[in-house]
Amino acid sequence: MRTLLITGPGGSGRTTLAAATALAATRAGERTLLLSGDRTDTLGAVLGVATGPVPVEVREGLTAWRPDATAGFRDDLAGFQERASSVLDLLGAARLDPEEVTPLPGAEELTLLRALRDAALSDRHDLLVVDLPPTPQALALLALPEELRRYLRRLLPPERQAARALRPVLGRLAGVPMPSEWLYETTARWDLELAAVEAVIADRDTVVRLVAEPGPAGADAVRDAGLGLALRGLRPEHLIANRVLPDVPADNWLAGPVAQQRKTLEEWRETYEVVEIAHAGRDPRGLDDLGALVVPGAPEASSRVEWPVVDRLAEDGVLVWHVPLPGAIRDQLDLIRRGDELVVAAGQFRRIVPLPSALRRCTVAGAALRDGELRVRFAPDPDLWPQTP
């Protein structure tokens, strides 16, 4: 199943356009699931049909689903308390009753990721349209599976599981029980679940679309979003320019805002495939209003961007890693080599990237930012690089 992720700055109308996109795909014959992680039923207000933890059929071929973070967190905590009962009893800890459990920060994001994984693995639909949170939260959400998996590997590396046979002995020596088998099993299960979500996000059939209102604020938001997505190896398939005003006479009071929008649209067209949505004069509500919005339906191209390693050994004695980072500023770039990983910081965004296998046997020889592309040079390490006779 193809997956379409839609996000944009707050107030840009992303939920409305996500619903309109799902409806357009349905009318084109695609069995479509529309997924939202909003705590309040903004999606239901747009569709004219209440949505919630139970998927609801909006019309034939279109289903909407808004998972309940509270219920999911309550079930996870209950399962944790059951598996950790021996440790909790040893510590004299009182268990929490389901009625007193409220979600902790981050529970909504994890619930949405789990729903994204489950929906993408289902064969009930042809297209999954995801109404992501506003762009800053959406970028953090897309980064979460990769970051959590890295944390798990550092805290409980697979190699440590080889010491399972020693835990009873260590427990007797220490006088307290050592972590039981369920801890490692739970870690392995979490890693598997996160890997499934990460695979959906990285899949070539997963496409990202940005929604923004043209203007100075929208231009700043799109610039930041483009850089944040690029650091994750993604590029928007379309930029939806929402609430575009019509042309007006020069003496009309709207002439200033219209001129601002036109300038922003020209700048966007230099980088993105822009689709304009005319201002409706009011907030669209219901299927009739959504159907009147002319939006792209099913995804047309992949959002994945390759980071190629170019062999320049014969010419310059280096391998060059090309990392597209449109919108990056030289003074706001930072690189740190850490073992077999490269820490890349660009503006407010940061990612720890595993090095391709060939580059792990090299040392960093320099880097440069040219035409929106970071080029990192690696020189072979003589102690690790195969020597030719």
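Which residue's side chain meets that of Glu373 in a salt bridge? I looked it up: the partner is Arg375, at 2.9 Å from N to O. I take a salt bridge to be a side-chain nitrogen of Lys or Arg within 4 Å of a carboxyl oxygen of Asp or Glu. Arg375 has 25% relative accessibility and is partly exposed. For that word I use these limits: buried is under 20% relative accessible area, exposed is over 50%, and partly exposed is in between (1.4 Å probe, protein chains only).

**Ground rules.** I am working from a predicted model, in which local features need pLDDT of at least 70 and side-chain atom pairs count only at pLDDT 80 or more, while totals for chains, interfaces and linings use all residues. Residues are numbered from 1 along each chain as its sequence is written, and side-chain values use heavy atoms, with hydrogens and water left out.

**Overview.** I noted 12 helices and 15 strands in the protein. These are DSSP runs numbered from the N terminus: helices are H or I with at least four residues, strands are E with at least two. Of the 389 residues, 44% are buried.

**Salt bridges.** I searched the whole structure and found 23 salt bridges. Side chains of opposite charge can pair when their charged atoms come close.

I looked at Arg14 next, which pairs with Asp131, the closest N and O atoms being 3.5 Å apart. Arg14 sits in helix H1 (residues 14-27) and Asp131 in strand E5 (residues 127-131), so this pair links distant parts of the chain, 117 residues apart. Arg14 is buried at 10% relative accessible area, and Asp131 is buried at 1%.

Glu146 and Arg351 form another salt bridge, with 2.8 Å between the closest N and O atoms. Glu146 is in helix H6 (residues 135-155) and Arg351 in strand E13 (residues 349-354), so the pair ties together parts 205 residues apart in sequence. I recorded both Glu146 and Arg351 as buried.

**Second largest pocket.** I found about 310 Å³ of space in it. I use these terms as follows: on a 1 Å grid over the protein atoms alone, a cavity is a set of points where a 1.4 Å probe fits but cannot get out, and a pocket is an open set with protein on both sides within 12 Å along at least five of seven lines; lining residues have an atom within 4 Å of a point. A volume is the space filled by probe spheres set on the points, which are joined across faces, edges and corners.

I counted 20 lining residues, with Gly13, Thr16, Asn242, Arg243 and Asp283 nearest the centre. H1 gives the most to this lining, four residues. By class, I listed seven nonpolar, eight polar and five charged residues. Ala, Val, Leu, Ile, Met, Phe, Trp, Tyr, Cys and Pro count as nonpolar, Asp, Glu, Lys and Arg as charged, and the others, Gly among them, as polar.

**Largest cavity.** I found one cavity of 30 Å³ or more. The largest cavity holds about 50 Å³ of space. Its lining includes Ile6, Leu17, Arg209 and Pro296. H1 supplies the largest share of this lining, three residues. The classes here are seven nonpolar, one polar and one charged.

**Asp289.** I placed Asp289 in helix H11 (residues 286-291). Asp289 is buried, with a relative accessible area of 18%. Leaving aside neighbours within four places in sequence, Asp289 is in contact (heavy atoms within 4.5 Å) with Arg282, Asp283 and Pro284.
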